[in-house]
Amino acid sequence: MCERCPISRRNALKVALALAASPLLRYAPVYAADAEVSEIAPGVFVHQGRYEIQSPGNLGDMANASFIVGSDGVAVIDTLGSTVAGRELRAAIRAVTNKPIRYVINTHMHPDHVFGNAAFKEDNPVYVGHHKLARGLASRAERYLAINKQMLGDEAFQGIEIILPTLAVDGSQTLDLGGRSLVLETQRTAHTDNDMTITDSATDTLFLGDLLFSVHVPTLDGSIKGWLALLDELSRKRAVRVVPGHGPRSMELPGALEPEQRYLAAIANDVRRLIKEGKTLEDATKVAGFSERDAWKLFDQYHVRNVTAAFAELEWE
Ligand SMILES: [Zn+2]
């Protein structure tokens, strides 16, 4: 098979079979980005990302990505963490429908949600995001590219480019897909300063992006106070189902939000207490929020960074 070609599911299967048959190849990386998608509501499809950090083996397939099919066209919500994985997602869409891909929506600026954008260039879609997304992503582009090149490796990094929104949303905006519309709403600073939620009118499905983590520990890159306040508002929303940025394909309010609210509140409460007691950031990174350690995957990879961000914010209250 062509090692540098986009990986079809058939080829991925072939690789897996070849590896199983050949013990000498047992340690070769398996390039099998799983673009398996499930229809969680009529015309609403979700691919579930892995609970991992990016690696050559997972091609940056570590966040959820969705697409919605209307009578006039398709909207994609987030594109996975590499162009190679984005192509897998595009192939999964094409297996479902030949309707034009009209919109590629990014819920926020993080690479695991936007680095597959280039896979959709040939569709000439409108790229859509929060009005602050472009500024945030452009200012971090160099660092994001360097880190991902290192972690994904040359092969999985191929074709990645920064594609900024061509439609910037400020407040609320509706996209018509034919027979159904998507309501986009920009949110206050929470997970990042450029989080946007999307509601599919036909099925009352609410896409929360990384405002909702489940199983995968939340990551804080915005404001812990803003995030807790926003979760309080979201918990009063009525939607038939919600789709998290990381976690199962479909969940229900308000229960879906509760573990994340508990996690963020534990950090905020512990950090506030430690600051009051005159403790340092270093002290806080050793104890704050550690009651949550067993409740989350990837805790060791992200928790100390979350405490650090929370400390910097809450120190100035
Ligand atoms: Zn994120």
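Trainee: How much space lies in the largest pocket?

Mentor: The largest pocket holds about 630 Å³ of space, and since we are looking at a predicted model, please keep in mind that this is a computed value.

Trainee: Ok, and which residues lie nearest its centre?

Mentor: Those are His110, Pro111, Tyr144, Tyr302 and Arg305, which belong to a lining of 25 residues. The elements that give two or more residues to this lining are α3 (111-114), α4 (133-157), β11 (205-213) and α8 (299-314).

Trainee: Which of them gives the largest share?

Mentor: That is α4, which contributes six residues to the lining of the largest pocket.

Trainee: And how do the lining residues divide by type?

Mentor: The lining of the largest pocket has ten nonpolar residues, nine polar ones and six charged ones.

Trainee: Switching topic: at what angle do α6 and α8 cross?

Mentor: The axes of α6, which spans residues 258-276, and α8 cross at roughly 50° and come within 10 Å.

Trainee: Which residues make the contact?

Mentor: On the α6 side they are Tyr263, Ile267, Ala268, Val271, Arg272 and Ile275, while α8 brings Phe299, His303, Asn306, Val307, Ala310, Phe311 and Leu314. By type, the residues of this contact between α6 and α8 divide into ten nonpolar, two polar and one charged.

How values were computed
Residues numbered from 1 in each chain as written. Predicted model: local features only at pLDDT ≥ 70, side-chain atom pairs only at ≥ 80, totals over all residues. Heavy atoms only, no water. 1 Å grid on protein atoms, 1.4 Å probe; cavity = no way out; pocket = protein on both sides within 12 Å on 5 of 7 lines; lining within 4 Å. Points joined across faces, edges and corners; volume = space filled by probe spheres on them. Helix = DSSP H or I, 4+ residues; strand = E, 2+ residues; numbered from the N terminus. Nonpolar A, V, L, I, M, F, W, Y, C, P; charged D, E, K, R; others polar. Axes fitted to C-alpha atoms, helices over the stretch in contact; angles between N-to-C directions. Contact = heavy atoms within 4.5 Å.
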